[in-house]
Amino acid sequence: MTALSADRPSTDPNDDLFGHAPFAKSLADSICRYPGSDGLVLALYGPWGSGKSTVLSYVSHYLDQQPNGDRPAVVTFNPWWFSGQENLARAFLGQLQAVLPTKSDKFKKLGDLLGDFAEGVGGLIDLSGMTGGAAGKFGKLIGMVTKRKPKDVPALKSQISKTLKEAGKRILVVIDDIDRLTPEETRQLFTVIKALADFPNVVYLLAFDRDVAAQAIEQQSGLPGERYLEKIIQVPFELPPVDRVALRAALFKRLDEVLGDTPEGSLDQSYWTNVYHDGIDPLIQVPRDVVRLTNTLAVTYPAVRGEVNPVDFIALESLRVFLPALYDVVRTNPDRFSGHSRDDRYEGDRKTAQAFHEQWVNEIPEAFRASTQALLERIFPKIGQMGYGSDWLAEWRRNLRACHPDVFPIYFRLTVPPGAIRRSEMLTLLNLAASPSDFGNALVQAKEERRPDGMSKARALLERLMDHVEKDIPDAQISSVIQALFDVGDALIDSRDERGMFDFGNVSRASRPVYHLLKRLTVDQRVAVLEAAIRSGSAVAVQLWLLQALDEAVTKAMESSESTLLGADEVERLKAAWLDRVRTMSGEANFLHHPELPRLLAIWRRWANDAEVRAWCDRTTASDEGLLSFLPRFLQHTRSQTVGDWAVRLQPRLNPTWLETYIDTAACADRLRILQRNDKAPTGAQEAVSQYLTEFEMLQAGKNPDGIGAFDD
């Protein structure tokens with residue numbers, strides 16, 4: 001079972017995944033450079049889960065790096081720890097009294113002064129604001145204090161101010177989680193801050209959701225919340241939005257940890273790409289969303305592993321976490337969502353179904369309405385515009401899709417950050433669009449530049465390129481960009497850019513812009529531009545990804561009146577061009593080492609014939625060197641993690657039955673045994689050789705290597 005991810009703030013900027021560190025460093029520098037000695041109140045605004053606590057931790061880290069003379073004394077106060085107590089003012093002053101004398105000898109005299117001040121002013125501060133029904137309680141508290149020993153509050157404040165001014169050392173009071181307080185506690189705390197904000201050399205740094213705090217103040221006091229905050233906050237900061245490339249990468253990394261032992265073959269990358277972009281991506285807005293979704297999957301997925309389609313399961317769990325009301329609608333109406341399309345016999349049936357679906361669509365928050373509807377129409381084809389007959393049921397059940405009535409119930413049982421692409425960099429790339437060689441070379445060079453998270457800059461550029469394909473690439477340069485991507489796209493493949501099986505990979509990222517640019521060409525231009533790019537380009541994997549998408553669209557269009565970018569004859573013409581290109585490249589030594597070789601061979605065989613692919617494989621593996629280079633191309637790894645373990649176990653897989661159409665598996669096993677026995681296998685091939693022979697022997701013994709639990713021992 002995968003360990004849950006704690007929802008705790010990051011404390012080390014080296015672990016920054018979301019670009020918070022540069023902003024925190026700038027904020028820490030600003031605090032140190034503040035020239036005056038007057039009190040100052042700063043606010044860090046951001047919604048829940050956006051990373052405010054992480055920024056505060058990073059600010060503290062960077063302050064610790066400052067020279068001793070510039071470093072302020074930091075006092076952290078979390079009012080949520082004292083939530084429910086009558087007097088937050090006394091708790092706050094007590095925290096200052098406890099912490100400041102330990103920070104510097106200059107603050108030793110503050111201990112008794114703050115204690116007396118807290119005793120004398122704790123209740124008075126609260127009564128200086130609008131207390132409502134709480135006034136009586138604090139009035140009694142003040143009466144008790146007064147009877148015990150009256151305090152000269154102004155004199156005490158003057159002494160404290162004098163001590164602080166003489167100390168000459170800045171104090172930073174950090175207050176987090178204000179938006180977790182009750183409305184009364186929120187008003188109390190801001191009243192305290194307002195009353196104490198004028199102490200010299202004291203800077204407050206408050207972190208909270210502005211809307212939540214403003215509503216709490218309005219609810220409790222009747223005062224305009226925004227204007228109330230404006231009178232207290234002197235310097236507001238908005239937490240910069242998280243870079244979406246980094247947010248996606250964090251999600252994919254965590255998904256791979258949670259669902260990593262899902263067999264590679266069970267995840268349809270094309271389907272996952274479409275489902276993710278249709279409706280999951282818009283739901284992931286802040287880092288906490290990643291934690292919420294993946295923690296849920298860590299608990300729910302193990303129980304149904306192998307019984308559900310992982311893509312459908314992720315999508316439906318996303319609805320359960322972020323749109324629970326819609327999830328319940330789907331869960332309680334299996335007949336409305338699962339199954340195949342059927343012609344309704346009665347007008348009333350059609351109207352009832354239409355009204356039902358219109359109702360749940362209208363109840364989705366507007367920001368997610370279109371994307372979520374597209375997501376559900378892809379998961380449940382029955383509710384979409386295209387017709388899917390009963391002949392689809394066998395395939396849906398074989399793929400464990402949620403849209404199959406038998407499978408459906410199983411799903412319900414249960415500043416610019418470092419490495420980010422600046423706009424200037426994107427504009428530089430777009431300015432090269434007129435030259436295919438320059439455009440392609442820029443992408444290849446970007447692959448060599450690593451971001452702090454280990455990914456290449458090429459990955460980020462390809463994702464950002466999608467933002468510009470509709471308007472920022474001139475019509476005259478469309479063919480140049482397509483030619484560049486069809487030529488260098490395969491050179492951008494990098495395993496370090498793929499965070500597990502749920503990441504799309506740069507093959508997909510390079511082909512998606514081509515698909516969308518194709519829409520901008522006239523109908524009579526498309527096939528000619530693509531064919532020229534295929535015949536002159538070397539990126540056969542990127543070309544293949546696009547051709548499969550076009551082929552799938554044509555196949556689906558045969559059952560509907562929907563138009564497609566290319567006709568069936570044009571797609572066949574492009575497939576023939578691709579086969580010619582593959583045949584040519586297969587004569588080059590580098591073809592054997594192509595990272596997508598298994599997929600290329602499979603499609604070559606499907607679109608041409610078994611004989612020519614088998615002939616190439618026979619020639620390639622005739623020598624021991626060729627066999628030892630060929631075999632590792634098919635080696636796969638599954639991931640698993642057992643209860644109590646921190647480490648993720650990688651299980652190599654190489655089933656000889658996968659290669660039966662390409663080689664004589666028994667003869668190769670004999671050759672490999674000899675090579676292994678004579679220690680002739682190079683280091684890069686040893687794992688593949690060993691796993692091939694292991695699974696070959698399992699097959700000989702009647703055990704299925706692809707079976708559940710085949711490698712548990």
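Asp211, Glu218, Glu226 and Glu230 make up a negative surface patch. Patches here are built from residues with over 30% relative accessible area and no salt bridge, with like charges joined within 9 Å; Asp and Glu count as negative, and the place of a charge is CG of Asp or CD of Glu. Two elements, α8 (210-221) and α9 (225-232), each give two or more residues to the patch. Glutamate 230 is found in α9, and at 57% relative accessibility it counts as exposed (exposed means over 50%, buried under 20%, partly exposed in between, with a 1.4 Å probe and protein chains only).

## The model as a whole

This is a predicted model, so local features need pLDDT of at least 70 and side-chain atom pairs count only at pLDDT 80 or more, while totals for chains, interfaces and linings use all residues. Residues are numbered from 1 along each chain as its sequence is written, and side-chain values use heavy atoms, leaving out hydrogens and water.

The protein chain has 31 helices and 7 strands (DSSP runs numbered from the N terminus: H or I of at least four residues for helices, E of at least two for strands). Of its 713 residues, 51% count as buried. Its accessible surface comes to about 33100 Å², with 49% of that belonging to carbon and sulfur atoms (Shrake-Rupley method, 1.4 Å probe).

## A mostly covered helix

Now for helix α22, residues 478-488: it's mostly covered, with 8 of its 11 residues buried. Among them are Ile478, Val481, Leu485 and Phe486. The buried residues of α22 pack against α20 (436-447), α21 (457-465), α23 (506-520), α24 (523-536) and α25 (540-557), where contact means heavy atoms within 4.5 Å.

## Salt bridges across the chain

The whole structure holds 36 salt bridges, each a side-chain nitrogen of Lys or Arg within 4 Å of a carboxyl oxygen of Asp or Glu. Take arginine 248 and aspartate 281, whose closest N and O atoms are 3.0 Å apart. Arginine 248 sits in helix α10 (residues 244-259) and aspartate 281 in the loop between α11 (269-280) and α12 (287-304), so this pair ties together parts 33 residues apart in sequence. Both residues are buried.

Glutamate 463 pairs with arginine 509, again with closest N and O atoms 3.0 Å apart. Glutamate 463 lies in α21 and arginine 509 in α23, so parts 46 residues apart in sequence are tied together. Glutamate 463 counts as buried at 12% relative accessibility, and arginine 509 is buried at 4%. Salt bridges that share partners join Arg244, Arg248, Asp281, Arg459, Glu463 and Arg509 into one network.

Definitions and conventions:
Patches are made of residues with over 30% relative accessible area and no salt bridge: like charges are joined within 9 Å, nonpolar side chains (Val, Leu, Ile, Met, Phe, Trp, Tyr) within 5 Å.
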